[in-house]
Structures are given as structure tokens and as C-alpha cells.
Amino acid sequence: MSATGAAAAGSPARQGKALPGTAYISWVALALMTTSSVASLRPSPTMAVYGLAAIFLYLVPAIVFLLPTALVSAELASGWTGGVYNWVAEGISKPMGFLAVWCQFAQTIFYYPSLLAYVASTLAYVFDPSLAANGVWTALVIVVCYWTGVWISAQGAKSVAGLSSAGLIIGTLIPGTLLVVLGAIFLGQGNASAAPMDASHLLPAWAGISSLVLIVNNFLSYSGMEMNAVHVSSLRNPAKEFPRTMLLATGLVLVILILPALAISWFIPSDELSLTAGVMQAFDTVFAQFGMQWMTPVVGVMLVAASLGGMLTWLAGPSKGLLLISRQEGYLPPFLQRMNKHGVQQNILVAQGVLTTVIALAYAFIPDVSSAYWIFSVITTQVYLIAYLLMFVAAMRLRRRRPDHPRGYRAPLLGTLCVVGFAASSAALAIGFVPSSQFGGGNTALYVLIIAVGALGLGLLVPYLFYRLRKPGWRLPDPERGHRP
């Protein structure tokens, strides 16, 4: 999202060698950074309902989306600063660049309610497990946590970014390893798995297109690879080391996503699994098997800490990018471009918070919390995919029109990667409008309407209105130089 560490446009070509004076990082460190920004235990319950078939449903989007996104964004980041806005602006047009960065920002409006719904269900196991299905509790936690995060971000806290690595270890690797190890011991003791683990269940049962709809959520599970691609220019030998980075990160991400999902399926039958509380359901069940239920709230606190740290890390990023571009091109009214004394775009965060609060209230009025969680997750994915579609198109155009532009890394078979990534993203967009088989009993027309209004309205209509209504006076001084309106 930011362009920190990216090679400056117009700098000497760096085909396999870093520039003098570069603050180098190892390819292993970059792989861990990438893993921490992508992988978590939160989506595990979504795929646990498929049991052994979760492996297939994670591998497919990894091949057609994860790898193309990582490699294509690495080439773009090593040749152009400014993140996705500048990539798309240079490759297509500035209005399309605004649309791309808007979608990165707008998807967080639905991302935070779904993330914090997971936090609410996890916290419920610390206080009272029955609260996990309580919509009022969920809405309350979302509102309190989000506005607390806004307050912290508004102070300009510099330590927020460092929480990502700690979150990976404390809230992902340790609990995930514990869940898988105890699950293996559970099966090793002769206990039966709640989900069939034989070869006939490697592929998901086909019950029409709706049986595969949950795979859409996996695209969001893999999103974010483009953020750390901006650091490709900090590698000593990008051409050789970055592929290793992506190979290791991809392997770690797959392990973190697949193994806990399988472990959850060993303990919780699919028809009893909550999409928001499934992780804690599994921990509570496995700890009960070993007489360790006192560990349930401890793990809950670890998971919550990691999720909140991740929320703080993401909170200022997309909104900061939107602020910078809006000041340069005058895409947002001056009120939304104002910063506080710490240089934080507080008005954008507050406006986002108002929408987040309204969305949170939906949890209080929708009887099935899992249904609300799924709907918001789909909308999040749909909006974010628009940015990826634009990125793939821009990458192809830049390679064709500006083949000699200095790049620190050149993705192999870029055209093929872009076509595959674009096709996969388009398919995910289309599938997202089909109700999941888990919610087949609901009103299909209402489901499609909600997704269409949420994704197309927020992702396309709102930025179009901002663009059409913009005025010359909306262009303001560069905030990085200390100017504020």
C-alpha cells in the first residue's frame, strides 16, 4: 500500500543487484513479513466445514491468485513508487488509479466489522461462550474496538507497525501449532474425526455452483501480498532472492491456513460450526478432551491481541494513501483531507468509523451472526478484487508500453500471470453473487441485492461521485511537507 523501500522511478536499472546505500533485508525476513501480513487463524472455520477438501480449496486460489498477485506486484513495486495508485495511474489513467486506491480503502469498511466480529466471538470465550452468537454483544465489541483503534492511531503511535511480527508469533503460530499438535494427539489416541479424512473427500462434494462459493473468501485470505512487495528493492539480489521469498511465504501461509482448518474439522461437525467462533469452539473442545479448559481464555486473549494489532496496522495504511492522492488530485473535499497535530488523517478515520458503526448495528438485527459475518466478508472481497483487476491490467500495459523502464525485478511470464490473475479475480467477483450452500435456505434475491449494493455501490458508485463532483480548490499542499488545511 505504501511505497516505502520501492525503487524510485527513473533510477538506474537494477537487474539482480541492489542500489548502493540500500538498507538490505534478508529474503527470509521479507518472507516472514509477508506471512504476517497475510496469514491468520481467522478464516480457518470458513474452510473447516469442507474437512479434507479444504486443502484443494486453499491450493486453487494460491495458484491462480496468490502467486500472480505476489510476482506481478513485485515487478511494479521495484519500478514505480506510490503503491497501487501510481501503478494503475501510470499503466491506465489517474482516475483509474484513484479507483484502485479507493477500493483498497473502501474494502476496510467491511473488513473491520468482519475482523472485529471474530474478535467479539473470541472474547466471548474469555467471559461467557453464549455471547458468541449474541448480535448485540458483537455490535458492541465492534464499535468499542474500532473507536479505540481510531483514538490510538490518531496519537500517531509509531510502535503500531511493529505489532505485526509479534502478532504472527503470539496470536497465530503458537495457538495454531498448539491446536494442530493437540488435534494430532487426539486422533492418535483413537478418537474419530468429526469430518471424514479418507481420499474420497479430497474434493468438495458438487451440489451446483453454490457448493464452491466459500472459495471466494480464500481470495481475501491471500490478499495483502502486494503490500510487502514494495520492499523488493531492499533485497541484495532481487531477481534470485524474491522468488525464494515468495516460495517460503507461500508455503508458510498455506501451512497456517490449511492445518488449523483441518484440526478444527476434526473436532467440530460442519453443521455445528460457527464461522465467527469456530476457532474458539475448537480450542474449547480440544482443551476439554485434555482437561485443560483453563487454557481457553488464555488462547482467546492471544488471538484477540493479534487481531487488534493487525487492525491497528491496517487502520492508517489505506486511509493514508487515499489522503495523499486526494490532496494531489483533489478527489476528496477538504474536510476529509484534514489532519490532526500528529499528521494523522483523523477525519477520514472518523467518517469510516461512522460507517463501521452503522454496519456493526447489522449484527444486532440479523439473527444469525454467521450469516452477517459471511455477507460482510464477501462484500470485502468483492471491493478489494476491483483493485486487483486494475493492477493486472496496468502491469500488462506497462510491460508492453514501457519495457525499458528500470525495474529491480521482472516477473517471469508476466502476461500469463496477469491473464490468470485477472481471470481468477473476475471469476471470484461473479461467484460472490451466488449464495453459499450454507445459506441456501435464505432469500437469494435479497442476498444478491445486499452484495450488489455493498460491493458495486461502495466500490464503484461512491468514487465515481467523488470524481464527478471534485473541484479545483480541493487540491491541497502535500501533507508530507508539513502543510495542513
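1. Setting aside residues up to four places away in sequence, Ile256 touches Thr35, Ala39, Ser40, Leu41, Leu168, Thr172 and Leu173, where contact means heavy atoms within 4.5 Å. This comes from a predicted model, in which local features need pLDDT of at least 70, side-chain atom pairs count only at pLDDT 80 or more, and totals for chains, interfaces and linings use all residues. Residues are numbered from 1 along each chain as its sequence is written, and side-chain values use heavy atoms, with hydrogens and water left out.

2. Ile256 sits in helix H10, residues 238–267; helices here are DSSP runs (H or I, at least four residues), numbered from the N terminus. Ile256 counts as buried because its relative accessibility is 8%, buried being under 20% relative accessible area with a 1.4 Å probe and protein chains only. The C-alpha atom of Ile256 is separated by 8.7 Å from that of Thr177, although the two residues are 79 apart along the chain.

3. The largest nonpolar core holds 140 residues, of which Val72, Leu76, Tyr222, Phe242, Ile264, Phe283 and Leu303 touch the most other members; such a core is a set of buried Ala, Val, Leu, Ile, Met, Phe, Trp, Tyr and Cys residues joined through side-chain atoms within 4.5 Å. Helix H5, residues 94–127, supplies the largest share of this core, with 21 residues. For Phe242, the contacts beyond four places in sequence are Leu30, Ala70, Leu71, Ala74, Val232, Leu235, Asn237 and Tyr409.

4. A search of the whole structure returns 1 cavity of 30 Å³ or more, a cavity being a set of points, on a 1 Å grid over the protein atoms alone, where a 1.4 Å probe fits but cannot get out. The volume of the largest cavity is about 30 Å³, taken as the space filled by probe spheres set on the points, with grid points joined across faces, edges and corners.

5. The lining of the largest cavity consists of Gln382, Val383, Ile386, Leu429, Phe433, Ala455 and Leu456, lining residues having an atom within 4 Å of a point. Helices H15 (369–401) and H17 (444–469) each provide at least two of the lining residues, and H15 gives the most, with 3 residues. By class, the lining divides into 6 nonpolar, 1 polar and no charged residues.

6. On the cysteines, the search of the whole structure finds 0 disulfides, a disulfide being a pair of cysteine sulfur atoms within 2.5 Å. Cys145 counts as buried because its relative accessibility is 14%, and Cys418 counts as buried at 1%.

Terms used: 1 Å grid on protein atoms, 1.4 Å probe; cavity = no way out; pocket = protein on both sides within 12 Å on 5 of 7 lines; lining within 4 Å. Nonpolar A, V, L, I, M, F, W, Y, C, P; charged D, E, K, R; others polar. Buried < 20%, exposed > 50% of the residue type's maximum accessible area, 1.4 Å probe, protein only.
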